[in-house]
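Hi,

Here is the structure I promised to pass on. Have a look at it first, and my notes on what turned up follow below.

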Amino acid sequence: HRRLTTFAGYSDPQPAAAEASLGVRFPAVFREYLRGMAKSPGDLFRGSHLAGVAEFPQFRADALELLAETDPQLSLPPEAVVFLSHQGYTFVYLLAAGGFDGPLMQWTETEREPRQVAATFADMV
């Protein structure tokens, strides 16, 4: 039970540094998730691989590689922040354009286009 309810997040400078290095502004809800529980999220998203704030560039690179395997013409929007991958065939990203919250998109290797999996990050959590 403790593992489900004891969370750890990143210190304030870490999400800000990630935003600066990516050239984006996280939605407020996602920023709060990073500060409140992203470092140790309990069983949230259990079974999938979650990116730490320093891993966002690598997750994006891995996602682009997966897209290229399907079709070299496929790409991600510049503001896409890939934060979750699952077993090497799918990933989830948010569009980091500031604001309060925003939709989450998922791409799977059997699809050409991403699909919206949640209207907001809060809805997915």
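A residue counts as buried here when its relative accessible area is under 20%, and as exposed when that area is over 50%. Please keep in mind that this is a predicted model.

By that cut-off Tyr-33 is buried, because its relative accessibility is 7%. Phe-121, at 2%, is buried too.

Now to the aromatic rings. Searching the whole structure gives ten aromatic pairs. One of them joins Tyr-33 and Phe-121 in a tilted arrangement, with 4.9 Å from centre to centre and 55° between the planes. Tyr-33 sits in helix 3 and Phe-121 in helix 5 (residues 121-124), so this pair ties together parts that are 88 residues apart in sequence.

Phe-121 also pairs with Phe-83, this time edge-to-face, at 5.7 Å centre to centre and 70° between the planes. Here strand 2, which holds Phe-83, is linked with helix 5, and the two residues are 38 apart. Both Phe-83 and Phe-121 are buried. Ring pairs join Phe-26, Phe-30, Tyr-33, Phe-56, Phe-83 and Phe-121 into a cluster.

Phe-56 leads on to helix 4 (residues 56-70), which has 15 residues. Its buried residues are Phe-56, Phe-59, Arg-60, Ala-63, Leu-66 and Leu-67. They span an arc of only 120° around the axis, so they lie on the same side of helix 4. Glu-65 and Glu-69, on the other side, are exposed. The buried residues of helix 4 pack against several elements, including helix 2 (13-22), helix 3 (28-36) and strand 2 (80-86).

Notes:
Residues are numbered from 1 along each chain as its sequence is written. This is a predicted model: local features need pLDDT of at least 70, side-chain atom pairs count only at pLDDT 80 or more; totals for chains, interfaces and linings use all residues. Side-chain values use heavy atoms; hydrogens and water are left out. Helices (H or I, at least four residues) and strands (E, at least two) are DSSP runs, numbered from the N terminus. The expected span of a helix is 1.5 Å times one less than its number of residues. Buried means under 20% relative accessible area, exposed over 50%, partly exposed in between (1.4 Å probe, protein chains only). The arc is that of the directions from the helix axis to the C-beta atoms. Contact means heavy atoms within 4.5 Å. Rings of Phe, Tyr and Trp (its six-membered ring) pair if their centres lie within 6.5 Å; planes under 30 degrees apart count as stacked, over 60 as edge-to-face and the rest as tilted.
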